[in-house]
Amino acid sequence: MGKQIKSLMINIVGAFLTLIGAIFIVLPGPAFLFLPIGLAILSLEHAWAKVWLRHCQRMMRKGAVKMDALIAKLTKRKNANNR
């Protein structure tokens with residue numbers, strides 16, 4: 001019975017955090033925190049959650065690389081204007 005309770009708690013907490021993350025995609029909020037944490041918890045019990053977690057991680061990495069490039073470009077432009 002202990003394994004069933006643990007599994008139920010993992011599913012409830014993971015689903016709640018994933019749902020909050022999905023809501024924060026539309027509304028302003030830290031979706032980049034809640035969504036991967038919820039999927040990571042769900043991936044303890046479900047293989048499909050592991051697949052979505054990897055997809056989410058890839059998307060977040062691509063976004064971070066694009067943001068780094070944009071910041072570098074803007075910084076370079078700002079430094080050129082100050083000279």
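Visitor: Is I41 buried, partly exposed or exposed?
Guide: This is a predicted model, so what follows is computed from it. I41 is found in helix α2. Its relative accessibility is 21%, and buried would mean under 20% while exposed would mean over 50%. I41 therefore counts as partly exposed.

Visitor: How far apart in space are I41 and A15, C-alpha to C-alpha?
Guide: Happy to take that one. Along the sequence, I41 and A15 are 26 residues apart. In space, C-alpha to C-alpha, the separation of I41 and A15 is 8.6 Å.

Visitor: What about L35, buried or exposed?
Guide: L35 is found in helix α2. The cut-off for buried is under 20% relative accessible area. L35 has 17% relative accessibility, so L35 counts as buried.

Visitor: And what is the C-alpha to C-alpha distance between L35 and T18?
Guide: In sequence, 17 residues separate L35 from T18.

Visitor: Which element gives the most residues to the lining of the largest pocket?
Guide: Good place to look next. The lining consists of I25, A31, F32, L35, L39, W48, W52, H55, C56, M59 and M60. Two or more of these residues come from each of α2 (31-42) and α3 (47-82). With six residues, the element that gives the most is α3.

Visitor: How many residues in that lining are nonpolar, polar and charged?
Guide: The lining of the largest pocket includes W48, W52 and H55. About 210 Å³ of space lies in this pocket. By class, its lining residues divide into ten nonpolar, one polar and no charged.

Visitor: Which residues make the nonpolar surface patch?
Guide: One of its members, I5, is found in helix α1 (residues 2-26). I5 counts as partly exposed because its relative accessibility is 47%, and a patch residue needs over 30% relative accessible area. The patch covers about 620 Å² and is made by M1, I5, L8, M9, I12 and V13.

Visitor: Where does A69 lie, and is A69 buried, partly exposed or exposed?
Guide: A69 lies in helix α3. A69 and M59 are ten residues apart in sequence and 16 Å apart in space, C-alpha to C-alpha. M59 is one of the residues lining the largest pocket. With a relative accessible area of 47%, A69 is partly exposed.

Visitor: How far apart are the C-alpha atoms of A72 and A49?
Guide: Let's stay in helix α3, where A72 has its place. A72 is partly exposed, with a relative accessible area of 45%. Along the chain, A72 and A49 are 23 residues apart, and their C-alpha atoms are separated by 34 Å.

How values were computed: Residues are numbered from 1 along each chain as its sequence is written. This is a predicted model: local features need pLDDT of at least 70, side-chain atom pairs count only at pLDDT 80 or more; totals for chains, interfaces and linings use all residues. Side-chain values use heavy atoms; hydrogens and water are left out. Patches are made of residues with over 30% relative accessible area and no salt bridge: like charges are joined within 9 Å, nonpolar side chains (Val, Leu, Ile, Met, Phe, Trp, Tyr) within 5 Å. Accessible areas come from the Shrake-Rupley method with a 1.4 Å probe; for residues, only the protein chains shown count as cover. A salt bridge is a side-chain nitrogen of Lys or Arg within 4 Å of a carboxyl oxygen of Asp or Glu. Helices (H or I, at least four residues) and strands (E, at least two) are DSSP runs, numbered from the N terminus. Buried means under 20% relative accessible area, exposed over 50%, partly exposed in between (1.4 Å probe, protein chains only). On a 1 Å grid over the protein atoms alone, a cavity is a set of points where a 1.4 Å probe fits but cannot get out, and a pocket is an open set with protein on both sides within 12 Å along at least five of seven lines; lining residues have an atom within 4 Å of a point. Grid points are joined across faces, edges and corners, and a volume is the space filled by probe spheres set on the points. Ala, Val, Leu, Ile, Met, Phe, Trp, Tyr, Cys and Pro count as nonpolar, Asp, Glu, Lys and Arg as charged, and the others, Gly among them, as polar.
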